[in-house]
Structures are given as C-alpha cells and as structure tokens.
Amino acid sequence: MDVNGSGSESLDWNTDDEVDIRSETETSHPTLPTLSGAIIGNGEASTSNCASRTMLIAHFVGMGFSDKLVSKAIDENGEGDTESILNTLLTYSSLENSPEDEEQCNINSDPSSSDFNETFVDDYNDNFLDDDSDADSWGENEVEVKIKTEPDSTPATLSEKDNKLLALASMGYTREEASTAMERCGQEASILVLTDFICAAQVAREQDCYLPEETKRIYNGSNPMKKRKLIEMCKKKVGAEDTIRLPNPMIGFGVPSQPLEDFRRSLPEAAKGPPYFYYENVALAPKGVWDTISRFLYEIEPEFVDSKYFSATARKRGYVHNLPIKNRFPLIPLPPLTIHQAFPLTRKWWPAWDPRDKLNCIQTAIGSAKLTERIRSALERYDNDPPESVQKFVIEQCRKWNLVWVGRNKVAPLEPDEVEMLLGFPKNHTRGGGISRTDRYKSLGNSFQVDTVAYHLSVLKDIFPNGINMLSLFSGIGGAEVALHRLGIKLKNVVSIEKSKVNRDIVRSWWEQTNQTGNLIDFDDVQQFDVDRVVQIINNIGGFDLVVGGSPCNNLAGSNRVSRDGLEGKESALFYDYFRILDLVKCVMRSRE
C-alpha cells in the first residue's frame, strides 16, 4: 500500500463502479507490406507492361469489378495510379446500381462501394432506417443531375464528397442526414462509418438531436403518413431502450462461487462462430446504449457480470459474445475474494466501524497524500471510536479511493503491484513497459479483470487444443491475452490494436517475458484497420478464431464528467469500429469457405 499516496482528491467522481478513461494521442500509424509488389506502387515489380496490366486487371477483378470496368478505369488513370483506379471503379459501382451486383457479397471491395453497402443493408433486416423510408429525401432536381449521367460520360468528374453523398442517398438516407454525418465524421470517413453515425443518431438517442432543424420540421408537416411513421419510430425507440435491464445479482450465466443454473440461449445464425467474438464495456451506461450494442452485435443479449464474484474488487461490466456457456471453469488457484484475504496484514488495523469486505472498482488515479493525512488527523483527535459523522466521512473517502488500513488511524492507497494482483495480472506486469507509477495506475484502471474474462473464455480450451489465432481490438495491457495464457491456451498468432504506446510496450514486454512462441503483430489505430489489412492478415495466418475487445467508455461511464453522450461521443463511438472490423472478418472468412 502507498502510505504517501499520489493522484488527486479534487476529482468529483461517482465510484460505485465506473472507470475514467483518458485518451492517448498517438501520431504514428504502422503499415503492412503490400499485398502484391506488382500491384501497389510504381509498377517496378512487373517484368513487362503487359504483365503489369494483366496483374492489375486480375487484382481488381478479384475485388469484384468486371473486366470491362477495370480496363476502362486503367485507360483513364494509367497503370501506375492504383488509388485513382480504385476510386474510379467505386464511382462506377455507386452509379450503376446493378441488381446483379447488389445480390453479391463481395468482401474484397471497398466499404464505399455499392456492393458493400447493399450487403450491409441486407444483412441487417432490422435496419432502423426503414421506419422513415417515406420521409422527404433528396430534391428531384439534384437527383436528376447526379443520377441521370450519360452512360459514356466519366463518373470520375464527381468529387469524392458527391460520390459519398450519392451512395448514402441510394441507401435511403436523406440529404440532411448524409451531409450532417460527413460534417461530423469528416469527408475522409468511409461509407460504413457514415452509416454507423446516422444509425447511432437515430436510434441511440430519444430525439434526432444531430439533425438540423430543417430535418425535424419535415416531420411536422401535414402528411399523415409521415406523422404516423414518426410516432411508430419513437415507440420503437422507447421500447428498445427498455428491453435490456441490469440484473441483480449481476452474475451473468453463472459464477464459480454460486450454484450453476441451467441456462439456455439460442444464437441467430449470423452470430454463430467461429470466429467467436467477445465484447466488453461498462454496465452502467446511459439508457439505450446496451440495446444499440446488442442490436449491432447480431441481437445477442449482454451477459452482465460484477467481478466481485471473482475477486476482492467490484467491476460491473457487460459482455456480448457468441461463446458457449456450458463447461466453463475458473482459473486455479482461485483468487482472494475479500480484502482481508487479499491483504491479511490490514486485519490488524481495520476498525470495527469500517464494514467493507470488498474494494470498489479500480480507478485510473489514487487518493492523494494530503487526503490520507487529513483522515489521520481527524481520527487522532479521539481516543476511542470517532463520532458517526467522522466515521461516515472516512468510509466515504475510503470507498471512493479504495484506501486500506495500514496502521493505527492510517489509510493508504493500493500499490500498482497490489492492483495487478486484484485484477488477475502477474506481479509487475505493468512495469514491463518501463513506465511511471501514474501510467501504471492509468493502464490498470482501464483493463479487464482477468479472472472474470478467463472464466468466459475457458470454453475455448477444448475447442482449440492446438492453439488460437486472436484479433485483439483496444487491447489495453493485454487482459485477454493474459487470460488465455493462464488458461493454457497457446497463442499462435495475436494481432493487437492499441492506441497507447505505453500499453503496447507492456504487452510486448509480457509476450517476451513469458516466452511466447507465437507471433505478436501490433497496430495503433483501429480506424486505419481496413479491409485490405483484414484480407492480407487472414490470407497469411488462415483466419481468426477469436475477436476480442472493449472500446473506450469515456462517454459512457458515470465517473466521466466531461461527457455522457453515449455511443455518439467521440471516444465511445469507436464501438462501431469494433463492429465494422468484426463484420469484415466474418465476411472475409465466409468467402474462403
């Protein structure tokens, strides 16, 4: 325990069970080797102009474009500019609207192509945007100008922004929705990101606050059909927000310390693995957030679990996954479940009037030395038990900052290695990156509780006896990796994506210290993890067995006083990248079957 303490007592947090995540700003982006030297670059890898053109055509035909369109795009842009060729092909696709193309699920095409958009819409029959399909859309003149393009004209003359607006219009979105999404997400955002934003704005909030006033006035007109549609849509939103409630007790499908019930659940066909997936976030999110998460993740109901049933510290989390729920088993040895089991020496100094036997959720900062000294001074005024008002103050601060008794009238915050033990990590796990105490607390506060996650993942040991390929999104300090390792599941290939360099260094150090024989490939930005990288990695390793991750909760957690914008917040909206990447992985792997 840290007798002196560090951190801040001035932060005003509700600490019933939330984590404050502070984002790290990173500038570097790793790059993957090109899929083919003959295709990407200046064409130097080809042995002749003929061979280069043939390989170019084969590459883009393999992405689902026709020979005729590819040849035309190459003639217009030249063989050396593959990016312009691809943009031209995507433009053709968004304008053609060919029924034959719409029926195909070509996963190798860019997310902004019409094929991908149609697949996205078809795969999700519960699309929330269908409810206002009869709302006013683009103006007739604008539609005529953009769609009635002469067959022999060059679609590439349209700007990238116009192409995306046109693609969104063809999917049924209004001009205002499309324009607002591009303004918020940036013109460089992909079609999938833009549609995710519009879905979040329509479903995750009680009113469409991101849309301009002009759009809202559309629904106040005299058209009774539009009014009826608006009423029905509002009813569906309210109903959806009320469907998922937090259970009490929060034990999910069972915990090791309590008798197991015979739970049964059926998964939608689209949700069944492999690949298996496992998504985590704070349980106490704003209203409607878990309904949206569940809806995007194949209508799977979350499993809510408080880690106080696995350790001496609380951590209320929701998990959406497609893992089996039978034959789970805990890590051995079982971790301590109470404060005194975890820290036996505190028993000597623990006052009878402090009723705590569990610690609160681990935070990203600790109580200050000034606070612990104030508590000591307040208690030393009394020879016996302090008055009830003093007891109440002390207990409130101890719960808020997870302070434990280390001497007579003396409390102290936990040391980093003590936090590691409570969360199921090996001792000095966070020292591996050579980081400061402050960074260690921060990284630990944002991590998984390993024993809880391992209990859920334990079913994979019999399914993958020879090891596992894992895609780890928002990896943090490697909670899922540590859980699988402690379960005795070999890590054959791990692709880890984590923004914080500090956390990446911690995972890399742990990987080396535990003598892992597999491959660890790390990247720093989920938003840069696109279809080309997914295809390349899957071609190299043969596919993923597990996709795991927990996106930032900055806009969800009650302790975050900056914003509670839900999944529309800047950081928490990264959930849609988890869904995007998971869906890409599933689609790519289906195409290989």
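This is a predicted model: local features need pLDDT of at least 70, side-chain atom pairs count only at pLDDT 80 or more; totals for chains, interfaces and linings use all residues.
Residues are numbered from 1 along each chain as its sequence is written, and side-chain values use heavy atoms, without hydrogens and water.

**Exercise 1.** Work out which strands stand at the edges of the open sheet.

Solution. Start with the order, which is β2-β3-β1-β9-β6-β7-β8, a mixed arrangement of 7 strands. Strands are DSSP runs (E, at least two residues), as helices are (H or I, at least four), numbered from the N terminus; two strands pair if DSSP finds at least two bridges between them. Next, look at the ends: β2 (303-306) and β8 (519-523) each have a single partner strand, so one side of each lacks a neighbour in the sheet. Inside the order, β6 (residues 468-473) and β9 (residues 546-549) run parallel and are joined by 4 bridges. Here Met470 stands opposite Leu546 in β9.

**Exercise 2.** Find how helices α14 and α15 are oriented to each other.

Solution. First take the geometry: α14 (residues 369-379) packs on α15 (residues 388-401) at about 155°, with the axes 11 Å apart. Axes are lines fitted to C-alpha atoms, for helices over the stretch in contact, and angles run from 0 to 180 degrees between N-to-C directions. Then apply the classes (under 35 degrees roughly parallel, over 145 roughly antiparallel, 65 to 115 roughly perpendicular, the rest oblique). The pair is therefore roughly antiparallel.

**Exercise 3.** Classify the ring pair of Trp290 and Phe304.

Solution. The whole structure holds 14 aromatic pairs. Rings of Phe, Tyr and Trp (its six-membered ring) pair if their centres lie within 6.5 Å; planes under 30 degrees apart are stacked, over 60 edge-to-face, and the rest tilted. With centres 5.4 Å apart and planes at 85°, Trp290 and Phe304 are edge-to-face. Trp290 lies in α12 (residues 289-296) and Phe304 in β2, so the pair ties together parts 14 residues apart in sequence.
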